[in-house]
Amino acid sequence: MSEKFNVPSELPRYPRSMWRTITTLPTFPELSEDIKVDAAVIGAGIAGVTTAYLLSLEGYKVALIDAGHILDGTTGYTTAKISAQHGMIYSEFLTNYRPEVARSYYEANAEALRFIRDMVETNGIDCDFKEETAYLYTTQDDKLDSLRKEFDAYQELGIPGEWHDSLPIPVAVKGAISMPGQAQFNPLKYLKFLVEKIVENGGLIYENTTIEGSVYGKPIEAYTVDEKYRVYCNEMIVTTHYPFWNVPAGYFARLSVERSYALAVKPETSFEGGMYLSVDDAKRSIRSASLEGEEVLIIGGENHPSGKSTNTFDHYLALERFADETFGAQEIPFRWSAQDITTLDKIPYIGPLSSDYPFTFVATGFNKWGMTSGTLAGLILRDNVLRRSNPHMDTFNPGRFNDKSMNQNVVTTLKMAKELIKGKFSGAHEKISNLEPDQGAMVRHNGKKVGAYRDPEGELHLVDTTCTHMGCETAWNEAERSWDCPCHGSRFSYNGEVLEGPATDPLERIQE
Ligand SMILES: Cc1cc2nc3c(=O)[nH]c(=O)nc-3n(C[C@H](O)[C@H](O)[C@H](O)COP(=O)(O)OP(=O)(O)OC[C@H]3O[C@@H](n4cnc5c(N)ncnc54)[C@H](O)[C@@H]3O)c2cc1C
């Protein structure tokens with residue numbers, strides 16, 4: 001029974017990523033002087049690490065810089081299926097774009113999977129890499145037509161796949177599509193190998209170093225918070241998940257952020273293998289993994305726009321119920337959640353920031369498929385930097401525009417404006433004196449609305465909840481004990497420290 005939430009639940013009290021717990025990663029110093037390199041890669045998730053690795057192989061002097069610890073962004077909290085089966089994306093692309101775009105998207109992701117497989121096999125990387133068939137399924141009658149359309153898209157694009165009326169696992173489906181030869185792994189064990197190679201190749205890695213902005217010139221100057229130190233570079237690659245600048249290129253109006261949840265579950269029944277994703281209203285993702293030699297299932301799902309769910313703990317409970325009903329949940333050693341970013345047309349932005357900035361590159365918007373897309377980002381960005389051609393550059397170029405995405409752009413901007421206004425005028429909900437230990441809420445303090453969290457020891461932490469990125473109002477996330485921004489996904493700890501960008505400055509702390 002969870003004490004805080006007063007619900008019959010076997011969930012751990014605090015979130016903790018299984019990958020980060022079972023993988024020991026090296027640590028690196030903070031930047032403490034100005035440096036000059038050929039290429040500065042800002043952000044050490046799968047996209048940044050892969051890009052830095054590939055450039056270091058080409059003889060570039062690389063600096064890989066992270067605001068926190070390496071691989072502690074979304075990459076440390078993923079479910080790590082390596083697959084080109086990305087939901088019902090191919091039928092959507094065929095409806096909205098030319099077939100060549102859909103085909104290029106598939107081939108690029110299949111190439112990224114091959115790259116990871118080759119890396120693992122050639123270098124003998126011990127990362128629990130396992131080939132699996134991926135399945136997309138529905139248990140709902142009203143989704144069957146869409147799933148059949150997706151299968152038709154496979155036929156049209158020549159994507160290998162089969163139709164099924166049942167699954168190897170105990171889920172009663174209306175239909176399913178399999179894609180053979182996909183894979184799963186422990187992403188941190190794999191990326192740890194790449195990090196070690198970057199160092200061996202002469203690359204520099206810095207942690208706890210937030211890049212706040214850059215001055216475009218020759219060389220480019222990327223500077224840390226308060227312009228304390230400068231990184232001079234000929235090429236700057238921004239792989240910070242959400243880009244840290246708002247202009248140029250207006251990324252704040254072209255990206256949306258969704259949070260989703262995961263559990264590691266020791267099942268009571270045996271698992272027949274495979275990786276599964278439902279396209280039902282309540283999405284479910286299932287794969288197996290190895291935890292100290294024992295098989296666990298990673299059950300994921302329950303996505304919602306970031307900063308927009310009032311009872312975040314309920315999402316874990318829904319996954320727990322599903323795991324228990326389907327496989328029997330003997331034990332739940334880990335629960336965690338994270339957020340990922342989607343572009344207007346669901347195709348990641350990978351390439352030059354804009355035509356005016358040919359030496360600055362970006363990779364973002366992986367739509368919850370960053371194991372392949374983040375790897376692909378490394379491959380495309382390497383070719384961008386080397387001024388080499390790549391057959392997929394146009395598909396992923398951040399400068400592409402189409403009518404549909406322009407309309408969406410207006411919708412995204414209006415949604416943000418709504419959040420700005422709504423946040424400013426919504427009332428405070430709790431009295432400070434009513435806050436129990438380990439509870440957070442908006443409260444009224446000295447006539448002003450502020451964010452409050454009373455820690456388990458009873459100490460009160462007050463912050464101004466105005467996001468330091470673009471001024472939206474953050475909301476309390478009870479399951480993670482954080483203040484989350486509904487506009488662009490910045491996150492702050494209960495005492496205001498930046499947990500996730502694009503914000504680079506903390507929330508203002510308020511004295512009691
Ligand atoms: C719950 C969940 C499950 C998922 N499951 C899958 C899956 O099964 N398969 C799949 O393919 N994808 C999956 N994804 C998506 C995938 O995990 C992400 O797309 C991917 O990890 C993003 O990688 P990244 O390198 O872009 O960002 P991150 O891993 O977030 O790395 C960005 C880094 O940049 C740093 N940074 C940020 N701002 C700054 C700054 N100003 N200065 C310096 N550093 C900065 C951060 O500290 C961070 O370390 C999932 C996502 C979620 C949320």
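I checked Cys467 for a partner: the closest cysteine sulfur, in Cys485, is 4.0 Å away, too far for a bond. For a disulfide I required a pair of cysteine sulfur atoms within 2.5 Å. Cys467 is buried at 4% relative accessibility; buried means under 20% relative accessible area with a 1.4 Å probe, protein chains only.

This is a predicted model, in which local features need pLDDT of at least 70 and side-chain atom pairs pLDDT 80 or more, while totals for chains, interfaces and linings use all residues. Residues are numbered from 1 along each chain as its sequence is written, and side-chain values use heavy atoms, without hydrogens and water.

I found one disulfide in the structure. Cys472 and Cys487 form it, with their sulfur atoms 2.1 Å apart. Cys472 sits in the loop between strands E20 (460-463) and E21 (475-477), and Cys487 in the loop between strands E22 (482-484) and E23 (491-493), 15 residues apart from Cys472. Strands are DSSP runs of E, at least two residues, and helices runs of H or I, at least four, numbered from the N terminus. The torsion about the S-S bond is about -90°, so the disulfide is left-handed. Both Cys472 and Cys487 are buried.

I also looked up Cys127, which is buried at a relative accessible area of 1%.

Last, I turned to the whole chain. I counted ten helices and 25 strands. Buried residues make up 58% of the 512 residues. The C-alpha atoms fill a box of roughly 65 × 60 × 45 Å along the principal axes.

Notes: Buried means under 20% relative accessible area, exposed over 50%, partly exposed in between (1.4 Å probe, protein chains only).
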